[in-house]
Amino acid sequence: MRENSNINKALAYYIGYSTDDLIRYKASSGGIGTSIIKYLLSTSEYDTSMTFVYDKEKCGYIPKLIYDFNEINICGSVYQDIDIFSFLKENISSIKNGIIVTCMPCQVQGIRSVLDRNNINLNSATLL
């Protein structure tokens with residue numbers, strides 16, 4: 001078995017939390033992911049992100065594309081299966097400029113593949 005030379009070779013590790021009390025209270029993990037999304041949406045590189053909203057009829061959270069931080073639903077961690085791949089495929093034409101996606105590490109390669117197949121510039125895609 002060959003050893004993967006990229007495993008466990010992080011450039012750096014950081015600890016942080018949001019300095020925004022409301023974000024820190026409503027989000028998970030100190031709100032750091034939500035604060036990063038807020039910052040990235042304020043730059044010219046990213047015009048699209050994804051949030052999750054509760055659907056009473058489906059009795060669970062569903063993904064939603066947003067274009068402004070004020071549209072985000074800060075709901076903490078969502079522990080349920082969500083088909084991000086199909087959602088992105090169905091909404092690929094609604095992605096403006098770069099996109100920010102929050103997902104599990106095991107989903108990154110598949111999401112990058114969906115974006116690449118649809119000519120979404122991967123340099124403008126941030127997967128948190």
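**Group meeting talk: a walk through one predicted chain**

Buried here means under 20% relative accessible area, exposed means over 50%, and partly exposed is in between (1.4 Å probe, protein chains only). Helices (H or I, at least four residues) and strands (E, at least two) are DSSP runs, numbered from the N terminus.

Quick word on where this comes from. This is a predicted model, so local features need pLDDT of at least 70 and side-chain atom pairs count only at pLDDT 80 or more, while totals for chains, interfaces and linings use all residues. Residues are numbered from 1 along each chain as its sequence is written, and side-chain values use heavy atoms, with hydrogens and water left out.

Now the overall picture. The protein chain has four helices and four strands, and along the sequence they run α-α-β-β-α-β-α-β. There are 128 residues, and 34% of them count as buried.

Back to E3. Who is its partner? E3 pairs with strand E1, residues 46–55, in the parallel sense over three bridges. Two strands pair, by the way, if DSSP finds at least two bridges between them. Opposite Ile100 in E3 stands Ser49. E1 also pairs with strand E2, residues 60–66, this time in the antiparallel sense over seven bridges. In that pairing, Thr51 has Lys64 of E2 as its bridge partner. The E1–E2 hairpin has four residues between the strands, and Cys59 takes a positive phi near 55° there.

Next, the inside. A nonpolar core is a set of buried Ala, Val, Leu, Ile, Met, Phe, Trp, Tyr and Cys residues joined through side-chain atoms within 4.5 Å. The largest one has 16 residues, and Ile84, Leu88, Ile95, Ile99, Val101, Ile111 and Leu115 touch the most other members. E1, helix H3 (84–90), E3 and helix H4 (108–117) each supply at least two residues of this core. Apart from it lies another core, of eleven residues, including Leu40 and Tyr46.

Let's zoom in on Leu88. Which residues does Leu88 touch, not counting those up to four places away in sequence? They are Ile95, Ile99, Ile111 and Val114. Contact means heavy atoms within 4.5 Å.

Over to helix H2, residues 32–41, where we find Ser35. Ser35 counts as partly exposed because its relative accessibility is 21%. Beyond its neighbours within four places in sequence, Ser35 is in contact with Ser18 and Ile23.

H2 also matters for the pocket part of this talk, giving the most to the lining of the largest pocket, with five residues. That pocket holds about 870 Å³ of space. Its lining has 29 residues, and those nearest its centre are Phe52, Ser77, Val78, Thr102 and Cys103. For the record, a pocket is, on a 1 Å grid over the protein atoms alone, an open set of points where a 1.4 Å probe fits, with protein on both sides within 12 Å along at least five of seven lines, and lining residues have an atom within 4 Å of a point. The volume is the space filled by probe spheres set on the points, which are joined across faces, edges and corners.

Last stop, two asparagines. Asn97 has a positive phi near 55° and sits in the loop between H3 and E3. Asn119 has a positive phi of about 60°, and its loop lies between H4 and strand E4 (125–127). Are they exposed or partly exposed? Asn97 is partly exposed, at 43%, and Asn119 is exposed, at 70%.
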